[in-house]
Amino acid sequence: MPLSSVSEPTVSHDTMWGIQKPSAAPGIAHVRVPIPTVGPKDVRIRVTAFAICGTDLHIIEWDRWAESRIKPPLVFGHEFTGIVESVGAEVALVKPGDRVTGETHVYCGLCYACRRGLAHLCQNVTILGVDRQGAFADFVVIPEGNVWKLHPDIPEEIAAIHDPLGNAVHTALAGPIAGLRFSVFGCGPIGCFAVGILKASGASWVAAIDRNPLRLELAERMGADVLLNVEKDDVAGSIVRLTDGRGVDGMLEMSGHPQAIRDGFESLANGGRVSLLGIPSAPLEIDVAKEIIFRGAVVQGINGRIIFDTWYRMQELLLTGRLDVRPVLTHQLGWSEFEKAVELQRSGKAGKIVLKRDHA
Ligand SMILES: [Zn+2]
Ligand SMILES: [Zn+2]
């Protein structure tokens, strides 16, 4: 067993800065909390940059989902990058000073799903910044099994968004792409990333659908061939017409909106695949016979990222330069501008916002 400078789980009484959901109500607090301790298989990371996810907005606004899931007080946030500060005695993968990010689904490794190689579907999953202390803080602790060591050519702002980019990679690569036509519903950062991944992987034609003109513009910069605005376009009809009556071979659903799901099925070619990542806020009705059975549709639920298959493929797409996600990174701010970033994101006037450490 490799020895390291830390032989026992350390208990630190020092405190750190963090952004916390202090109580079961809307809002956040900038607080000082104890620096998390490091168990024998844990890695403590000094966070250098993070990004705000839609999930974080739910936690900040305290909607029904947040109320049912989050147990305040909790330092939240899960999209991050940083530098290893200390490691537990049994950790072999990384050492202090390594640049890393992490898979945010902490899996048990022992359940039926994990033992079948489906750790992203772990029955006992705990999610960073949702079920356990998150990354909007000076330090975050994750198990060694969740650490992703960064290639030196991956810049910090892209390292900070590996979590949502991984969602897009997992969704897009969940079926054949080359020489096929696609629709992407919902052009938030994940939808825009997905457009770029599809094009980098040989998709012949990609239609991007949203209601926000800025998001559609970002999708265009990521390579979308056609932009459809649900406010003014007949989305399903246009896709069918523009694909010579065939419909698309694949539909990636990133919005969770019932109308998007309906339009997506309606404009799907017979035998096409539907990859659903966006989460509907309530159960919805679908004509199973017409849209799935007789269409021969392949319908997939997409959850998280395949650990670590998605990560290796994401790295290759980035390092080869085939995938350039920079158009989606519309803002880079400092941690002290957290509230401003939340406002920007809420207003829909931003793509992905990365916040970098601006205090010692
Ligand atoms: Zn996220
Ligand atoms: Zn498990």
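In which sense do strand β14 and strand β15 pair, and over how many bridges? Strand β14 (residues 248–253) and strand β15 (residues 268–276) pair in the parallel sense, over five bridges. Keep that in mind as you browse the views below.

This is a predicted model, in which local features need pLDDT of at least 70 and side-chain atom pairs count only at pLDDT 80 or more, while totals for chains, interfaces and linings use all residues. Residues are numbered from 1 along each chain as its sequence is written, and chains are lettered from A and ligands numbered from 1 in the order in which they are written.

**View 1. The whole chain.** Twelve helices and 18 strands make up its secondary structure; helices (H or I, at least four residues) and strands (E, at least two) are DSSP runs, numbered from the N terminus. The C-alpha atoms fill a box of roughly 65 × 40 × 40 Å along the principal axes. Of the 360 residues, 46% count as buried, that is, with 20 or more other C-beta atoms within 10 Å of their own, the C-beta atoms being placed from the backbone.

**View 2. The sheet with parallel pairing.** Six strands form an open sheet in the order β13-β12-β11-β14-β15-β16. Its edge strands are β13 (226–229) and β16 (298–301), and each pairs on one side only. From one strand to the next, the twist averages 15°. Two strands pair if DSSP finds at least two bridges between them.

**View 3. The sheet with antiparallel pairing.** Here three strands form an open sheet in the order β2-β1-β4. At the edges stand β2 (29–34) and β4 (74–75), each with a single partner strand, so one side of each is left without a neighbour in the sheet. Strand β1 (residues 15–21) is joined to β4 by two bridges, and Lys-21 stands opposite Leu-74 in β4.

**View 4. Two crossing helices.** The axes of α5 (residues 162–172) and α11 (residues 309–319) come within 9 Å and cross at roughly 95°; axes are lines fitted to C-alpha atoms, for helices over the stretch in contact, and angles run from 0 to 180 degrees between N-to-C directions. The two helices are therefore roughly perpendicular to each other, a label for angles of 65 to 115 degrees. Among the residues that meet are Leu-165 and Val-169 in α5 and Trp-311 and Leu-317 in α11; contact requires C-beta atoms, placed from the backbone, within 7 Å.

How values were computed. A residue is buried if 20 or more other C-beta atoms lie within 10 Å of its own, exposed if 12 or fewer, and partly exposed in between; C-beta atoms are placed from the backbone. Angles under 35 degrees count as roughly parallel, over 145 as roughly antiparallel, 65 to 115 as roughly perpendicular and the rest as oblique. Two residues are in contact if their C-beta atoms, placed from the backbone, lie within 7 Å.
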